[in-house]
Amino acid sequence: MCNDYEQHVAWKAYCQMMQLLEWGIPARQSDADLPQADDVRITDLAPVVRAAGADVELVPMSFGFPPATPRGGPVFNFRSEGRSFANTNRCLIPASAFFEFTGSKSPKTKHRFTLRDAPFMAIAGIWREQKGNQPPAFSMLTTAPGADVESIHNRQIVVLHPADWKAWIYLQRPEAELLQPLPAGSLSVETVRVGRG
């Protein structure tokens with residue numbers, strides 16, 4: 001599943017999108033709150049959009065919930081089907097692209113997915129408060145693969161169109177309506193690295 005994504009969302013594009021959605025941006029925030037990264041991987045700090053009253057704010061969080069057991073790994077993808085998120089902290093993960101990998105040998109073939117007809121995408125996520133000296137953490141929600149992903153992976157992260165961002169943050173519609181794969185042709189894919197097999 002998705003354990004790597006790209007964060008090249010420009011501050012100007014982010015601000016324009018927030019204006020379009022009639023969300024305010026805290027005066028204290030700036031482009032420093034939306035750092036660029038070619039690859040955001042598990043345990044990396046990355047900006048996440050969460051509710052701040054009637055508006056939203058960018059907060060740095062760790063990618064993946066800490067392991068539940070000493071031998072467990074971080075929970076970076078969270079299955080969405082059949083779950084209620086009404087009592088969960090919901091968030092949006094801004095991204096310019098996400099990556100999926102195929103093959104069995106390292107380095108694997110790397111595929112880059114982008115959202116068509118939008119300046120950037122937001123991935124549906126949930127987040128948890130800071131524990132001890134650990135920062136707040138987030139996990140991406142997953143669903144069945146849509147037509148644009150199914151030839152590469154048997155699951156996919158939930159990418160929301162901008163029109164659905166508020167509905168997810170404030171859960172204004174049922175989860176089953178929001179947390180769906182996008183229609184065919186919504187995502188563009190390119191192979192950015194050919195692996196060993």
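Started with burial: I looked up how much of the chain is covered, and buried residues make up 47% of its 197 residues. Noting here that this is a predicted model.

Next, overall dimensions. The C-alpha trace spans about 50 × 45 × 35 Å along its principal axes. I checked the radius of gyration too: a compact globule with 197 residues would be near 16 Å, and the chain has 16 Å, so the two agree.

Then secondary structure. I count 3 helices and 13 strands in the chain.

Contacts after that. I took the pairs at least 6 apart in sequence, and 70% of those contacts join residues at least 24 apart.

Surface and charge. The accessible surface comes to about 9700 Å², and carbon and sulfur atoms hold 49% of it. Which charges does the chain carry? I get 20 positive and 20 negative side chains. The centres of those two sets lie 8 Å apart.

Last stop, Asp4. I found Asp4 in strand E1, which covers residues 4-7. Is Asp4 buried or exposed? Its relative accessible area is 2%, and the cut-off for buried is under 20%, so Asp4 counts as buried.

What does Asp4 touch, leaving out residues up to four places away in sequence? My list has Asp39, Val40 and Arg41, then Phe63, then Phe98, Phe99 and Phe101, and finally Lys110.

Conventions: Residues are numbered from 1 along each chain as its sequence is written. This is a predicted model: local features need pLDDT of at least 70, side-chain atom pairs count only at pLDDT 80 or more; totals for chains, interfaces and linings use all residues. Side-chain values use heavy atoms; hydrogens and water are left out. Helices (H or I, at least four residues) and strands (E, at least two) are DSSP runs, numbered from the N terminus. Buried means under 20% relative accessible area, exposed over 50%, partly exposed in between (1.4 Å probe, protein chains only). Contact means heavy atoms within 4.5 Å. The radius of gyration is taken over C-alpha atoms; the globule rule is 2.2 Å times the number of residues to the power 0.38. Accessible areas come from the Shrake-Rupley method with a 1.4 Å probe; for residues, only the protein chains shown count as cover. Lys and Arg count as positive and Asp and Glu as negative; His and the chain ends are not counted. The place of a charge is taken as NZ of Lys, CZ of Arg, CG of Asp or CD of Glu.
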